[in-house]
Amino acid sequence: MINSILKFSLILALGMFTIHADAQDNKIRLKIKGVENQEVYLANYYGEKLYYNDTTMADANGYFEFQGKPFEECGKYAVVAPGPKFFDIIVSQEDIYLETDTSDLINNLTVHKSDENEQFFNYLHFIQRKRNARAPFDAVLADSLKSDKQKEQARAEIKQLNDDVQQYQKDLIAKHPELLFTKLMQMTLDVEVPEAPEGVEDAQTWKYYYYRNHYWDRVDFSDPRLVRDQMFHRVLDKYWTKVLPQIPDSLLKEAFALVERADNYDMFKYFTHHITYAAESSNIMCMDKVFVGMVDRYYRTGKADWLDEEATTKILDRAKDLRYTVCGEPVPNIILPDTTLTNWVNLYEIDSKYTVIAIWESTCGHCKKEMPKLQELSEEWSDKGLKVFAIGNDFETEPWVEFIRDKELDGWYHVSDNPAINATDSATKLISSGITTLLSLNFRSTFDVFSTPKVFLLDEDKRVIAKQLSAEQIGELLKRLEAEDNPTGDVPPAETPKEEKAVREERG
C-alpha cells in the first residue's frame, strides 16, 4: 500500500511543504544496514495520506540524515528505504538518531537519541507483545470445536489484555503530557461515556449527547502538528459521517463551530478542506447546502487562501451553480412560455401547497418512464395541493409538444424555451421589458441541469424541500409531510429517522 500511496502522491505533493534548510539546527539521523549507497526518502503524513518530503543518499555504512523541521511541520513521518520498506517515526524539535536494519526495521531498531521515539518504539514493542499474547485466544474463539467455557475464558483473557493496553496508554499520557507522541496517542482514545444520571428518562439520548459533546476532548486545537498523523483524519471523518446526524442544516452549523475552534492555520485548513470536499462529493440529498455555506464563509471571503486563482475560481463557480437550488431556500422565479409559445407562465403565480419542478426532454429514456409516473402522482395529489411546473429541455418545440400530447401529461404547467427567444436580440428585449428574467432563460444553469430528468419538490413559498426524487419517492415524502401537518388525519405517518429525532430535540 505504501508503494501505491507514495507513487500517487509524489507528483502531487513534492514541495507541498517548504524545507527550511536554515531554520533548524536539529537533525534527523539514521543508520540502516541494507541501504548502503542507496537513495532513501523522508515522507510526511498529512491526515490519512503520505507524501514525499525529502530525499538523500545513504553512505557506504548506511548512514544518512535529513534536516530537522520547524514546529508547525513536525508530526508523524515515515522513513522509506528501497523496496520500498518503511517505518514511522515521530519528528519534533529534537535531535534524532536511530539505528536499525532492513531485515526487521522496527524490531531491530535502537533509539540512540530522541525522547519522542524512545517512547514511541517502546509502545510499539509493547503492543506487539500483547498481540502475540492474544493470538492463541483469538484462535480459541475461531475454533468451532472449543466449548463455551473455553471461549468465555478466552474472551476474559482478551479483555484483560485490552485493559492492559488502555492502562499503558493512560499512564504514558499522564507521565509525558509534553510529548508530541502522547498527544498523537491521546487522539486514539475514544470517549468514555458514564452512566446517565438518575432521573434521566432517555438514557441513550443522554449518552449520545455526552459522547458528542466530549468527542473532541482528545484533540489539542492549538497544536498544528496533529494534522500530520492518520488518526487526526480518522477522528474527523468519524465525527462528520458517524457521530453527527446526517442532516444538512445541523451539519452546516457544526461545521462552522468546528472550523472556528481550530486555533492554528494547519488545522483550520484541514477542517475546511475536508468538510467542503465531503459535502461536495456526498450522495446525501441537500448536502450541497453545506458545500455552498462553506464556500461562502471561507473561500469567497479569502480565508481559504491555500488555493491558486484557478482552483478558487472553480470552487466559487461550482457554488454559484448550486446556490439557486439549495434546500430550504426559495428557487428563482421562472417565467417561460407554454406550448403556445406566446403565453408566458410565472412560477411564483402558481398557488399551490406543493410544486414539483420537473425538467425533462422527450428524447431522454429515463424521462419517458418517469413522466407518466409523475402524471399519476399529480392526479392523485392534485386535490391536496400539488401542481407540476414542467420545463421542457428540448431545443425544438415539436417533439416536446408531441410527447406531452401522446403521453397525456394533462393538468401540468408546461413551459420551455426555444431557439427564437434565446436569440441575443430577442432575449435582451424580453428581459429588459420585464417579460422574463435571465435566470429563466438560463434555466439549465440556474438548476444545474447536466442530465434529465431534474426534479425538485417545493413548498408553498417555493422553497426547496427535496430534490432528485422519483415520482414514487415524492409520493412517500408527501405522505410524511401531510402526516406531520395533520397527525390525527388519515395519512399514516412515516417513521422518523433516529438522527432526525435527535436534531428536533436539539432544536427544541
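This is a predicted model: local features need pLDDT of at least 70, side-chain atom pairs count only at pLDDT 80 or more; totals for chains, interfaces and linings use all residues.
Pro-453 sits in the loop between helix 16 (443-446) and strand 14 (454-458). Residues are numbered from 1 along each chain as its sequence is written, and side-chain values use heavy atoms, with hydrogens and water left out.

**Overall build**

- The protein has 18 helices and 15 strands. Both are DSSP runs, numbered from the N terminus: helices are H or I with at least four residues, strands are E with at least two.
- The radius of gyration is 30 Å, while a compact globule of 508 residues would have one near 23 Å. The radius is taken over C-alpha atoms, and the globule rule is 2.2 Å times the number of residues to the power 0.38.
- Along the principal axes, the C-alpha atoms fill a box of roughly 85 × 60 × 45 Å.
- Of the contacts with a separation of 6 or more, 65% join residues 24 or more positions apart. Contact means heavy atoms within 4.5 Å.

**Surface and charge**

- Buried residues make up 47% of the 508 residues. Buried means under 20% relative accessible area, exposed over 50%, and partly exposed in between (1.4 Å probe, protein chains only).
- The accessible surface comes to about 26200 Å², and 49% of it belongs to carbon and sulfur atoms. The areas come from the Shrake-Rupley method with a 1.4 Å probe.
- There are 61 positive and 87 negative charges, and their mean positions are 4 Å apart. Lys and Arg count as positive, Asp and Glu as negative; His and the chain ends are not counted.

**Backbone details**

- The peptide bond from Gly-83 to Pro-84 is also cis, with omega near -5°. Pro-84 lies in the loop between strand 5 (75-81) and strand 6 (85-91).
- Cys-286 is not a glycine, but its phi is positive, near 75°. Cys-286 belongs to the loop between helix 8 (265-280) and helix 9 (288-299). At 9% relative accessibility, Cys-286 is buried.
- Leu-341 is not a glycine either, and has a positive phi of about 70°. Its loop runs between strand 9 (335-337) and strand 10 (344-346). Leu-341 is partly exposed, with a relative accessible area of 33%.

**Nonpolar cores**

- In soluble globular proteins, nonpolar side chains tend to be buried together.
- The largest nonpolar core has 81 residues, and Phe-87, Ile-89, Trp-216 and Phe-271 have the most contacts inside it. Such a core is a set of buried Ala, Val, Leu, Ile, Met, Phe, Trp, Tyr and Cys residues joined through side-chain atoms within 4.5 Å.
- Apart from this core lies another, of 27 residues, among them Val-356, Met-371, Phe-403 and Leu-477.
- Beyond its neighbours within four places in sequence, Trp-216 contacts residues including Phe-221, Tyr-239, Arg-261 and Phe-271.

- Thr-276 is in helix 8. Thr-276 is buried because its relative accessible area is 2%. Leaving aside neighbours within four places in sequence, Thr-276 contacts Phe-291, Met-294, Val-295, Tyr-299 and Ile-315.
- Asp-229 is in the loop between helix 5 (203-213) and helix 6 (230-243). Asp-229 counts as buried, at 2% relative accessibility.
- Not counting residues up to four places away in sequence, Asp-229 touches Tyr-45, Gly-47, Lys-76, Leu-184 and Met-187.

Methods: The place of a charge is taken as NZ of Lys, CZ of Arg, CG of Asp or CD of Glu.
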